Structures are given as structure tokens and as C-alpha cells.
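Dear colleague,

Please have it open while you read.

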Amino acid sequence: MNRTLDNGLELLMFLAEAPKPHGVSELSEALELPPSHVHRLLQTLVAKGYVQQDARRRYAIGVGALRLGQALLRDIPMRRLGLPVLYKLMQRTRWSAVLSVPFNDSAVTLAHMAYGGKIRPTSETLGSVLSVTRSASGKVWLAMQDEAERERVMSGLAFGEGQSWSDAGVFREELERVRELGYAVKPSSGDRDPYGLAVPVAQEGSGVVALIGVASGSAHRELGEQRIESLVAACRDAAEDLKQQLMETEPCPPPAQSPLTA
């Protein structure tokens, strides 16, 4: 592995998720890298436009990152195949439907179709992080990993007062239940806290490649067993539909050689 490249990407990801600009010393401490190394990485990224520096020598994600995002936005195969699936799921459940994919130690949203068929703007939803402790999609992804991977992710989570889960042991038990059931739920805890339910989309040899779920903007502290079963069935049918489309989709052909390089 190219450590410099790896460190640079970790730095970019940190800045992409940071709510405010950071100085070199803060980034050095957060990433556990020498300040001199962080400074060199930042100078390269600033020169390329992927990071921007303000007058106080603090750093934030730069507009150059939009070029990478725009290239992906032109045609994300999983999103293109998933949107019709989400529409049918939304019609069947009368809830919003969400498609996400695993990324790093969580899941990120590819599409969110609100009830009524409106696709929420990508600026609001694309790339939104779905935490393994705060979302049904993130939880079901973690539950479906092998024990070693689950423990690796768990070692980086915070538990205790003020966190989503106060006890790591209780969270492990919840993951085991999710793994056994094959779906995860996120109960609502207040009037503005939506209820969520998600199932995995797994491919042989690849593991979990996506997650499909539904969410309701209304509070549902307790849903009846029959309603939960109907939501799970609808999500599983949608997952199978997407899985079948992925199997039938041919991989993209390699780019044609340029006459200058042939």
C-alpha cells in the first residue's frame, strides 16, 4: 500500500466530514500523523484544488473535489438500477425508500425517494453517512460482517453516556439479533425522529453490496408485528429485484485504446 496516498485520502475524507476548517496541528492530532507530513499533504492538495486554505491557515475541503463527485454523478450504475426499485418499494409501503452502499465503516446514501415519488436532491442525500449505531442500514451492514470485522469496527465506536448505545455488550447482542433476523430497525424516539427499517443486498462472493430500506417521517414508537412483517417483505422483494438486475447487468467494457498509445 502506498502510505502517502493512503494518508492523503484519509486527510481528504476527514476534511470532507469536518463541520469546520482545521489547522495543521488539529489534523495531525486527529489523524495521528506528524505535522510536517500533514503540511506536505495539504500543500499538494491545495495546489490541486482539492483542499482550500483560509486567511488563518486553516484547511477545508476544496471545490476540486466536485470534479470527482460530478464524474460519479454522471452515471452511478447502482443508483440507476436502484431508482425504479425504490419507486416500486415506495408505492408498496407508502413510505420513503432509501438505497445505500457500504463505505469505510458505515453506509452512504445513493438515493432517497420520498413518498409520492419525488427524488430528494442529491445535494441533500447523496453521500450522507448512515452510522452503524444510528441507522437501520448501517446496523444491518455491520451485523452481516464476520465476527473479526464486526469487532474491528466496534473497537472504533464510542459507548457510554451521551452516545447512541451506552453498553457495547448490549449492542453486540442487538447485532446478533439483526444477523439472525436478516433486517434491522431504527425505532423513532421523538416526534421528529423517523422510523427506519433496512435489509441487505448480498451477492455471492461479494458479500453485502448495497442496503435497501424504508423510512417514515412520522414517529412510530411501536409498530404492530404485522406491519413490520409487511415492511420487511417489501424490502426483501426490492433487494431481490435489485440483486437480479445487478446479475443481469454486463460490466462496463474497457475503454478503447487511443491510436497514440496503441
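Predicted model: local features only at pLDDT ≥ 70, side-chain atom pairs only at ≥ 80, totals over all residues.

On α2, the face turned away from the buried side of the helix carries the exposed residues S25 and E29. The buried residues of this helix, which runs over residues 24-31, are V24, L27, S28 and L31. Just after α2 comes E32, which takes a positive phi of about 55°.

For orientation, the secondary structure of the protein chain comes to ten helices and eight strands. The chain has 262 residues, of which 41% count as buried, and it exposes about 15600 Å², with carbon and sulfur atoms supplying 52% of that area. Of the contacts in the chain with a separation of 6 or more, 55% are accounted for by residues 24 or more positions apart.

The next helix I would point out is α5, which has 17 residues and reaches 24 Å from its first C-alpha to its last, close to the 24 Å expected at 1.5 Å a residue.

What follows α5, and what is its phi? The residue is R94, with a positive phi near 65°, a value that belongs here to a residue other than glycine. R94 sits in the loop between α5 (77-93) and β3 (96-103), and because its relative accessibility is 57%, R94 counts as exposed. Another positive phi, of about 55°, is found at N104, which is not a glycine either; N104 is located in the loop between β3 and β4 (106-113).

Finally, I looked at the aromatic rings, for which the count comes to three pairs. One of them is formed by W95 and Y195, an edge-to-face pair with 5.8 Å centre to centre and 70° between the planes. W95 lies in the loop between α5 and β3, whereas Y195 belongs to strand β7 (residues 195-203), so this pair ties together parts that are 100 residues apart in sequence. Both W95 and Y195 are buried.

F159 and F171 form a tilted pair, with 5.9 Å centre to centre and 50° between the planes. Here F159 lies in the loop between α8 (147-154) and α9 (168-181) and F171 in helix α9, so the parts tied together by the pair are twelve residues apart in sequence. Are the two residues of this pair buried or exposed? F159 is partly exposed, with a relative accessible area of 25%, while F171, at 0% relative accessibility, counts as buried. Ring pairs also bring in W165, linking F159, W165 and F171 into a cluster.

How values were computed:
Residues numbered from 1 in each chain as written. Heavy atoms only, no water. Buried < 20%, exposed > 50% of the residue type's maximum accessible area, 1.4 Å probe, protein only. Helix = DSSP H or I, 4+ residues; strand = E, 2+ residues; numbered from the N terminus. Contact = heavy atoms within 4.5 Å. Areas by Shrake-Rupley, 256 points an atom, 1.4 Å probe, with all protein chains shown as cover. Expected span 1.5 Å × (residues − 1). Phe/Tyr/Trp six-rings, centres within 6.5 Å; stacked < 30°, edge-to-face > 60°.
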